[in-house]
Amino acid sequence: TIPWPDSLACEVASVVKGRDERGRLLRRTIMRYVNLAFVVSFVGTCSRVRKRFPTWTHMVEAGILEENEKELIDNVEPRSACKYWVPIAWACGVVECARREDRCTTVHGHQSLVNRILQFRKDLGSLQGYDTM
């Protein structure tokens with residue numbers, strides 16, 4: 001059930017076009033958010049990951065979270081719940097930004113990419129459920 005980001009990264013690379021710095025930044029940001037969601041989810045379920053990233057500051061130091069994003073995610077209520085869904089919402093926002101900038105190859109590609117990100121979120125939710133049970 002563990003959702004690996006590899007196939008999602010391949011889809012991001014094929015759907016979000018642009019060999020310029022902006023296209024590269026959009027692709028990297030989408031995948032950074034997906035990886036952040038993965039880490040946040042595993043902080044709640046895996047002691048080794050929790051030991052590596054005990055605070056949001058540790059994620060900033062590792063480069064998977066920016067300081068301004070740390071403030072945003074830290075202020076999401078409730079403070080005690082697993083917030084893996086927040087970076088997923090951010091990733092979907094970046095995909096929408098890429099669509100508005102005409103960087104998505106097709107409408108179908110855009111929708112497929114959003115669906116793939118949402119499936120990744122659903123799989124992380126399943127892991128949270130397994131851990132809770």
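Q: In which helix is Val95 found, and is Val95 buried or exposed?
A: This structure is a predicted model, and in it Val95 is found in helix H6. The relative accessibility of Val95 is 0%. Because the cut-off for buried is under 20%, Val95 of helix H6 counts as buried.

Q: Which residues does Val95 touch, not counting residues up to four places away in sequence, and how many Å separate the C-alpha atoms of Val95 and Leu113?
A: Once residues up to four places away in sequence are set aside, Val95 touches Ile30, Cys104, His110, Leu113, Val114 and Ile117. One of these, Leu113, is 18 residues from Val95 in sequence. In space, the C-alpha to C-alpha separation of Val95 and Leu113 is 7.8 Å.

Q: At what angle do H2 and H6 pack, and are H2 and H6 roughly parallel or roughly antiparallel?
A: The axes of H2 and H6 lie 8 Å apart, and the angle of packing is about 160°. Angles over 145 degrees count as roughly antiparallel. With the angle at about 160°, H2 is therefore, relative to H6, roughly antiparallel.

Q: Is the crossing of H2 and H6 left-handed or right-handed, and how many nonpolar residues does the contact of H2 with H6 have?
A: H2 and H6 cross in a left-handed manner. H2 contributes Arg22, Leu26, Thr29, Ile30, Tyr33, Val34, Leu36 and Ala37 to the contact, and H6 contributes Pro87, Ile88, Trp90, Ala91, Val94, Val95, Cys97 and Ala98. By class, this contact of H2 with H6 has 1 polar residue and 1 charged residue, and the number of nonpolar residues is 14.

Q: Which residues of H5 and H6 make the contact, and how many of the residues are charged?
A: H5 passes H6 in a right-handed crossing. The contact involves Glu69, Leu72 and Ile73 from H5 together with Val86, Pro87 and Trp90 from H6. Of the contact residues of H5 with H6, 5 are nonpolar, none is polar, and the number that is charged is 1.

Q: Is Lys70 buried or exposed, and which residues does Lys70 touch?
A: Lys70 has its place in helix H5. Its relative accessibility is 16%, so Lys70 counts as buried. Not counting residues up to four places away in sequence, Lys70 touches Trp56, Thr57, Val60 and Leu65.

Q: In which helix does Ser41 lie, and what is the relative accessible area of Ser41?
A: Ser41 lies in helix H2, which spans residues 21-43. Beyond residues up to four places away in sequence, Ser41 touches Cys82, Tyr84, Leu124 and Gln128. Ser41 of H2 is buried, with a relative accessible area of 1%.

Q: How many disulfides does the structure hold?
A: Cysteine sulfur atoms must be within 2.5 Å to form a disulfide. For Cys10, the nearest cysteine sulfur, that of Cys104, is 16 Å away. For Cys104, the nearest is that of Cys97, at 9.6 Å. The number of disulfides in the structure is 0.

Q: What is the phi of Asp102, and where is Asp102 placed?
A: Most residues other than glycine have a negative phi. Asp102 is not a glycine, yet its phi is positive, at about 60°. Asp102 is exposed, at 56% relative accessibility. Its place is in the loop between H6 and helix H7 (107-132).

Q: Which residues are in contact with Glu66, leaving aside its neighbours within four places in sequence?
A: Glu66 is found in the loop between helix H4 (56-62) and H5. With a relative accessible area of 40%, Glu66 is partly exposed. Neighbours within four places in sequence aside, the residues in contact with Glu66 are Arg32 and Val60.

Terms used:
Residues are numbered from 1 along each chain as its sequence is written. This is a predicted model: local features need pLDDT of at least 70, side-chain atom pairs count only at pLDDT 80 or more; totals for chains, interfaces and linings use all residues. Side-chain values use heavy atoms; hydrogens and water are left out. A crossing is left-handed if the near helix is turned anticlockwise from the far one by less than a right angle, and right-handed if clockwise. Helices (H or I, at least four residues) and strands (E, at least two) are DSSP runs, numbered from the N terminus. Contact means heavy atoms within 4.5 Å. Ala, Val, Leu, Ile, Met, Phe, Trp, Tyr, Cys and Pro count as nonpolar, Asp, Glu, Lys and Arg as charged, and the others, Gly among them, as polar. Buried means under 20% relative accessible area, exposed over 50%, partly exposed in between (1.4 Å probe, protein chains only). Axes are lines fitted to C-alpha atoms, for helices over the stretch in contact, and angles run from 0 to 180 degrees between N-to-C directions. Angles under 35 degrees count as roughly parallel, over 145 as roughly antiparallel, 65 to 115 as roughly perpendicular and the rest as oblique.
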